[in-house]
Amino acid sequence: MISTLMGNKDSNIQFEILFYPQYQNEQGQAICYPGSVLEGVVKLIAASPIPVHHIKLVFKATERVNYDAMGWEKSKTTDDRLFAVRTILWGFPVGAQVPSDAWPILETGEHLFPFTCQMPVINFPPTFQHHLIATAFSMIVSVERPKQMPILSKPVHLQFQPIIETMPVKNLHALIEETKLGQAVSAKVSIPRLAYNIHQDALSIPITIQFSSPDDNLMGISQLHAYIKRYYQINYKTFSRNEVTTITSHHLAKLPSSTTLTFQLKMPERDEIPPTLTYSNHLKIEYRLVVTVKVRHGPLNMKKKLLDAPLTFGTLPPGTRAPRQLEPYSRLVDNRSSVHSKPTFLKPEPVSEEEFLPAYDSEEIPPSYRSNIPSNVHLITRIQS
């Protein structure tokens, strides 16, 4: 049971949860997404022999709301878990009744326990941190000892990235919005599309504005402002909170003499742009692009909106479709116990040296092979106790 994760630390045991580099993002954090596989090794160093019933690795995810800040008392029936699964790395199965004097001894030294885990094809909420709601994915190692609390490693946090379609098909037509600013003056705003991939390098959104007037006189138009706002909507029972943040903007106090303006709205770094989210039970993330100008009518300056359109920030390139079997987690609330709704630990496949030996012509001198191949491959350390 997950409740057995209450435990202590012990100076006689050191842990490291290691992930292979191909499963990490640019910041060195392990990353997973629907249908992906995670592979790594749990490294354990024992300073002295220890009797152990079992060593287990637990992978869990939670979507927790701040009940105190929302003015709600957490119900005993409320389950914040998205999932919780475990695998036995060494020793007896959990719950096996074995006399403590028959428990195996974990000898002094370094021990390596490989693991492989596959995510279900389910869109869980993305990793997210906010003072009102947080979604976290983590792994932790537990060592069960006789008549003592388990020894726990520090949790290692993973980054979950949902699969969000940017555009089902490639849109070759720009969005054009025309607005009348006066009797003979109009503005036409053009952007390539309304959906973008957050993984695109140096993401920016080009905007073109073309003004039209009989004499190309734009003296009555000023204060051009283009910006993208991000909307957080957090809900729990009757509690609701909306937060709006401007994430990028472009401002011109005085318009140039040219009737056509082109500029770029440069987006923040990709780790600062959570994808558009509409399927979570408690959190919604949306974006809007707005373009405004001020138009002088006699002694008054009035703000005029040239464009106000929703933007989608997905995780797939334009034209790439999500897998057909992909399901949002919100549809599985009544079927959480299904094996298909949670990650699965797989049996790690042993790597055979022979699989990687190059072929050679038997009539010629065979190539020389290294006999001192290290017993463990190079891994990147993510966390240790």
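The sulfur of Cys32 lies 8.3 Å from the closest cysteine sulfur, that of Cys117, and this is too far for a bond, given that a disulfide is defined as a pair of cysteine sulfur atoms within 2.5 Å. Cys117 is likewise in no disulfide, and by this rule the count comes to zero disulfides. The table gives the accessibility of both residues, where buried means under 20% relative accessible area, exposed over 50% and partly exposed in between (1.4 Å probe, protein chains only).

| Residue | Relative accessibility | Class |
|---|---|---|
| Cys32 | 0% | buried |
| Cys117 | 1% | buried |

The model is predicted, so that local features need pLDDT of at least 70 and side-chain atom pairs count only at pLDDT 80 or more, while totals for chains, interfaces and linings use all residues. Residues are numbered from 1 along each chain as its sequence is written, and side-chain values use heavy atoms, with hydrogens and water left out.

Turning to the sheet, five strands form an open arrangement in the order β16-β22-β21-β18-β19, with mixed pairing; strands are DSSP runs (E, at least two residues) numbered from the N terminus, and two of them pair if DSSP finds at least two bridges between them. Because β16 (195-197) and β19 (239-254) each have a single partner strand, they stand at the edges, and one side of each is left without a neighbour in the sheet. On average, neighbouring strands of this sheet are turned by 30° against each other, direction ignored, with axes taken as lines fitted to C-alpha atoms and angles running from 0 to 180 degrees between N-to-C directions. Strands β21 (residues 283-297) and β22 (residues 300-314) run antiparallel and are joined by 11 bridges, and His297 has Leu300 in β22 as its bridge partner.

Definitions and conventions: Helix = DSSP H or I, 4+ residues; strand = E, 2+ residues; numbered from the N terminus.
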